Amino acid sequence: YTDRVSTTLARIEPSGVCQAQLRYARDALIALERRDTAHAELKKAVGTCSAETIQRAIEKACNDDVSDQALCDTSRGLLHRLLTLRLTLSKAVEAMDLERLFKAVEDCKKEDVSVSPKDHKMLTDLQEEEYRRLERHLKQAKR
């Protein structure tokens, strides 16, 4: 759609006819191009499963009047889910709750959300720490 408007404006502008009205058409074209760009960025952001990227894309989509309600709803839902998973991971790490951390990492995998190597290392470290703790308790119980 914007390609046709752009082509038409490019053909009419050199003639010098109706320049005042063409200014409004150029402004409308710029707004439509921003909207199309924001729509494309939102669609791409949903594929990244990155909360920050999705949040920025949602803000831009709202500011530039993206009208694809299904995409907007999907992106908001995904953002909410990602933030919920992040909160669950944070609480599990803070509480040093190995079971909850393992479950949160598994939930991330189910949601096809990438878990950073740092999170995997933290889970492994906590598992090893838990194993050493249990081993100490077993040795003390044998004495």
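Predicted model: local features only at pLDDT ≥ 70, side-chain atom pairs only at ≥ 80, totals over all residues.
Biologist: Thanks! What are the elements of the protein, from the N terminus on?

Modeller: They run α-α-α-α-α-α. In total there are six helices and zero strands.

Biologist: How do you know that the span of H2 agrees with its number of residues?

Modeller: The expected span is 1.5 Å times one less than the number of residues. H2 has 30 residues, so it should span 44 Å, and its end C-alpha atoms are 43 Å apart, which agrees. Just after H2 comes Cys49, with a positive phi of about 55°.

Biologist: Which residues of H2 are buried?

Modeller: They are Leu22, Leu29, Leu32, Ala38, Leu42, Ala45 and Val46. Over the whole protein, buried residues make up 24% of the 143 residues.

Biologist: Why is Ser75 called buried?

Modeller: Buried means under 20% relative accessible area. Ser75 has 1% relative accessibility, so Ser75 counts as buried. Ser75 is found in helix H4, residues 69-95.

Biologist: And what does Ser75 touch, not counting residues up to four places away in sequence?

Modeller: On that count, Ser75 touches Leu42, Val46, Ile54 and Ile58. Ile54 has Ser75 among its own contacts, together with Ala45, Val46, Cys49, Leu78, Leu79 and Leu82, again leaving aside neighbours within four places in sequence.

Biologist: Let us turn to Asp107. Where is Asp107 placed, and why is Asp107 counted as buried?

Modeller: Asp107 lies in helix H5, residues 98-110. The cut-off for buried is under 20%; Asp107 has 15% relative accessibility, so Asp107 counts as buried.

Biologist: What does Asp107 touch, not counting residues up to four places away in sequence?

Modeller: Asp107 touches Arg81 and Leu85. As for Leu89, 18 residues from Asp107 along the chain, the C-alpha atoms of the two are separated by 10.0 Å.

Biologist: Among contacts between residues at least 6 apart in sequence, what share joins residues at least 24 apart?

Modeller: That share is 52%.

Notes. Residues numbered from 1 in each chain as written. Heavy atoms only, no water. Helix = DSSP H or I, 4+ residues; strand = E, 2+ residues; numbered from the N terminus. Buried < 20%, exposed > 50% of the residue type's maximum accessible area, 1.4 Å probe, protein only. Contact = heavy atoms within 4.5 Å.
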